[in-house]
Amino acid sequence: MSEDKSDNKPDEGEFDPLSEQCSFCGRPIELTRVLVKGNDVAICDVCVTGAGQIVRRAVAQKRTALKHRMPKPKALFAKLSDYVVGQDDAKRRIAVAVYNHYKRITSRTLSDDVEIEKSNILMIGPTGTGKTLIAQTLARFLEVPFAIADATTLTEAGYVGEDVENVLVRLYHAAEGDITQAEIGIIYIDEIDKTARRDQSASITRDVSGEGVQQALLKILEGTIANIPPEGGRKHPEQKLLAIDTKNILFICGGAFEGIDSIVQKRVGKKGMGFGAEVRGKRGMGYYELISKTEPEDLLHYGLIPELIGRLPVITPLDRLSREAMLSILFKPKNALTKQYIKLFELEGVKLSFQAEALDKVVDMSMKRDTGARALRSIMENVMTDIMFELPDMSGVEEVIITPGVISGDEEPVIIHEKTRRKTA
């Protein structure tokens with residue numbers, strides 16, 4: 001009796017004729033050069049090539065879209081000015097650097113013998129001067145993924161802490177899993193100065209959170225194919241990794257670099273010695289004038305390694321905020337603190353107003369703390385928390401007025417009820 005083989009299924013490990021053809025186009029193995037097999041499917045070299053072309057076209061379309069919507073430096077400067085008060089020189093430098101960076105990505109007309117290097121940015125300035133806000137505003141305006149990392153939490157791979165490559169994971173998540181968008185995003189690394197090696201002498205212990213972090217940052221800043229765990233965390237051999245190309249990711253690093261003005265002063269002072277030299281002592285040069293003269297050798301003396309300095313070619317100084325700038329921050333930007341609170345009160349159906357003297361009081365208290373714009377938010381939060389805690393349970397409130405006494409804690413806010421307003425009228 002003949003055996004019906006049509007109903008028989010191959011046992012585990014036996015040859016399966018269906019696995020000898022492409023699962024996508026049905027092309028048999030005889031007509032292919034390579035047939036890549038998976039657990040349940042197979043794909044031929046023709047389909048792989050076609051898929052690669054589709055991916056390249058999709059990436060090109062996204063970059064073309066970026067080119068069409070890429071604003072010019074003046075537009076970038078204007079947008080930054082909507083949210084960042086002062087720092088005009090820094091905003092101009094950054095606008096030009098960002099424009100050139102994305103023009104480098106989208107340009108198709110450069111000859112093969114011309115290669116434009118990445119324009120990663122290093123911002124130097126005291127805390128609370130707008131470094132993070134500048135990076136956030138840029139990413140929002142350009143509509144590209146954005147991620148923030150704190151250099152103080154990073155360690156060299158293999159040690160307790162957070163791997164440097166985890167900043168790429170954050171960017172990947174900010175791009176909602178779109179790897180092509182992540183590869184043209186912006187990463188802001190704050191507190192980069194905290195990784196500086198303060199002791200110039202060699203150490204017998206490994207500096208895994210300082211110089212080790214600087215060394216780990218080199219490759220991703222310059223441009224490399226980094227393998228990251230999509231879910232974050234530490235890598236392990238059995239984990240699936242995702243390849244991400246960092247050559248078109250813009251890195252912006254920021255730090256207070258406390259004391260670098262003294263380093264610059266020593267260098268500039270030496271050049272001013274001798275007969276006929278211009279006398280420019282420390283009294284004649286302010287903080288901003290000093291950090292504006294920061295050179296790579298000053299950063300090297302501060303404790304950054306030469307390789308890292310070379311990968312941050314655009315050095316942008318930020319000045320301490322003046323009293324006038326601090327006052328403007330309270331009401332001028334689109335996201336000004338007073339505008340935010342006024343909007344929150346509007347949602348409760350209540351008008352909120354600040355007396356001019358009250359805002360002056362906020363600025364005076366903030367200037368004493370010497371933490372820049374962060375002090376403004378801290379003081380405003382302390383003042384407004386109690387008011388906003390009570391307001392939702394109060395009825396008939398039409399307006400709340402903040403006086404200087406409310407800021408200093410000596411008075412309660414002036415509350416005007418609807419009935420009071422009618423009697424007065």
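These are my notebook entries on one protein chain, looked up in a predicted model.

**Entry 1: the whole chain**

I started with the overall tally. The protein chain holds 17 helices and 14 strands. Of its 425 residues, 41% count as buried. I also looked up the accessible surface, which comes to about 24,400 Å². Carbon and sulfur atoms account for 52% of that surface. Then I checked contacts between residues at least 6 apart in sequence: 68% of them join residues at least 24 apart.

**Entry 2: two helices, H12 and H13**

For a pair of packed helices, I need the angle between the axes and the distance between the axes. How do the axes of H12 and H13 cross? Helix H12 covers residues 323-331 and helix H13 covers residues 337-347. Their axes come within 4 Å and cross at roughly 20°. Angles under 35 degrees count as roughly parallel, so H12 is roughly parallel to H13.

Next I wanted to know which residues meet. On the H12 side I found Ile329, Leu330 and Phe331. On the H13 side they meet Leu337, Thr338 and Lys339. I sorted the residues of this contact by type and got 4 nonpolar, 1 polar and 1 charged.

I zoomed in on S12 and S13. Strand S13 runs over residues 397-402, and S12 pairs with S13 in the parallel sense over 4 bridges. Leu352 stands opposite Val400 in S13.

**Entry 3: Lys351**

Staying with S12, I picked Lys351, which is found in that strand. Is Lys351 buried or exposed? Its relative accessibility is 52%, and the cut-off for exposed is over 50%, so Lys351 counts as exposed.

Which residues does Lys351 touch, leaving aside neighbours within four places in sequence? I found contacts with Glu398, Glu399 and Val400. I also looked up Val397: Lys351 and Val397 are 46 residues apart in sequence, and their C-alpha atoms are 8.7 Å apart in space.

**Entry 4: the two faces of S8**

In a regular strand the side chains alternate between the two faces of the sheet. I went to strand S8 (residues 225-228) to look at its faces. Ala226 and Ile228 make up the covered face, whereas Ile225 and Asn227 make up the uncovered one.

S8 has a pairing with strand S9 (residues 242-245), in the antiparallel sense and over 4 bridges. Ile228 turns up again here, standing opposite Leu242 in S9.

**Entry 5: positive phi in two loops**

Glu143 is not a glycine, yet it has a positive phi of about 60°. Where does Glu143 lie? I found Glu143 in the loop between helix H4 (131-142) and strand S4 (146-150). Glu143 counts as exposed because its relative accessibility is 54%.

Asp370 is not a glycine either, and has a positive phi of about 60°. Asp370 lies in the loop between helix H14 (356-369) and helix H15 (373-390). With a relative accessible area of 55%, Asp370 is exposed.

Conventions. Residues numbered from 1 in each chain as written. Predicted model: local features only at pLDDT ≥ 70, side-chain atom pairs only at ≥ 80, totals over all residues. Heavy atoms only, no water. Axes fitted to C-alpha atoms, helices over the stretch in contact; angles between N-to-C directions. Parallel < 35°, antiparallel > 145°, perpendicular 65-115°, else oblique. Contact = heavy atoms within 4.5 Å. Nonpolar A, V, L, I, M, F, W, Y, C, P; charged D, E, K, R; others polar. Buried < 20%, exposed > 50% of the residue type's maximum accessible area, 1.4 Å probe, protein only. Areas by Shrake-Rupley, 256 points an atom, 1.4 Å probe, with all protein chains shown as cover. Pairing = 2+ DSSP bridges.
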